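Work through the exercises below with the sequence and the coordinates at hand, and try each task before reading its solution.

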Amino acid sequence: MTYFLRRAGFFLATLWAAVTLNFLIPRLQPGDPAQAILSRLSGKTGVVSPEQLSAVRKMLGAPDSNLFTQYWDYLGALAHGQLGLSYTYYPYSVSHVVMQAVPWTLILVGVTQILSFVVGTLLGAWAAYRRNSRVDTVITLGSTFVGTLPFFWIALLLVFVFAITLNWFPEGGGYGGGSSPGWTWLFFSDAFQHSVLPAVALLVTGPIGWIIGMRNNMVQTLGEDYARLARAKGLPRRRIALTYGARIAILPNVTGFAIALGGILGGTVLVESIFSYPGLGRLLLEAVSNKDFPLMQALFLFTTVGVLIANFLADIAYGFLDPRVRRTEAA
């Protein structure tokens, strides 16, 4: 029980620190959102009067009180689920804007994360089971080589080959102009075609970390005393690999997978920007570019809270799966 209470206390303290940093970081960024909006609207002249600046600030609801007062107002609004209005998509609320982008990121990044974890873990376990063989060499060296390739280069290469040269898939976007979002077969098929290239780009490099991690963990686990004892007893090699190797070696990967799932809400800024995909990553880039403090705060908060919750659940799962963790904490 002490272990679980300490984990809960650490979670709450970290959550408060994350919420506070989430409030401070956007405000430490130089620039004024009202100034940025008027600069774009004024064109080449770039002349902005103080009256215009004041009017836009009032329209956006930009706070003009001291930082301490803003912080308490921020905590109060957060407690009531009020995230404010988006400066970029005014007059829409931040909640509305974020909810429009969440399904795109959850489907694209969520599916690719799960596939990457499953494929990477299986390949890593196979490489460890066949260690020092040709299979191990091909998997290890192949994944290491692919890991050295820049992600943006892979994404641009996919666009050039499959979208521009072969014209098999669209260059970017979430869906084409001929369809509109809805529960129709036309929209789903169109959205699927637009998601293929971003998904492939994520799947090329996604499994690499799971492959290397699983292989190294399993090789180390198979070298432990209990694995040697199992071999001395004459147990089948496959049973030793699955029962004594993979079962224990997968635990660190489970923790990493939980944190990776928690980070899905942050989207993938690079891939969504390259493919103009309407997810949370692209939304974050727009919010930073336009000094959209409420939208930035919401996206940072969703990402941070998602990772913290996933990490907390992983700690709880570890406490049940491995009793040694609880005994170490109690000591």
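Predicted model: local features only at pLDDT ≥ 70, side-chain atom pairs only at ≥ 80, totals over all residues.

Residues are numbered from 1 along each chain as its sequence is written, and side-chain values use heavy atoms, with hydrogens and water left out.

**Exercise 1.** Determine how helix α5 and helix α8 pack, and which residues make the contact.

*Solution.* Start with the axes: α5 (residues 94-129) and α8 (residues 185-205) pack at an angle of about 45°, and their axes are 10 Å apart. This angle makes α5 oblique to α8 (angles under 35 degrees count as roughly parallel, over 145 as roughly antiparallel, 65 to 115 as roughly perpendicular and the rest as oblique). Next, list the contact (heavy atoms within 4.5 Å): α5 contributes W104, L108, T112, L115 and S116, while α8 contributes F187, A191, S195, P198, A199, L202 and L203. Finally, sort by class, which gives nine nonpolar, three polar and no charged residues.

**Exercise 2.** Find which residues of helix α13 are buried.

*Solution.* In α13 (residues 280-289), the buried residues (under 20% relative accessible area, with exposed over 50% and partly exposed in between, for a 1.4 Å probe and protein chains only) are L280, G281, L283, L284 and A287. They cover an arc of only 160° around the axis, so they lie on the same side of α13.

**Exercise 3.** Decide whether N132 is buried or exposed.

*Solution.* First place N132, which lies in the loop between α5 and α6 (134-147); its relative accessible area of 72% then makes N132 exposed.

How values were computed: Axes fitted to C-alpha atoms, helices over the stretch in contact; angles between N-to-C directions. Helix = DSSP H or I, 4+ residues; strand = E, 2+ residues; numbered from the N terminus. Nonpolar A, V, L, I, M, F, W, Y, C, P; charged D, E, K, R; others polar. Arc of directions from axis to C-beta.
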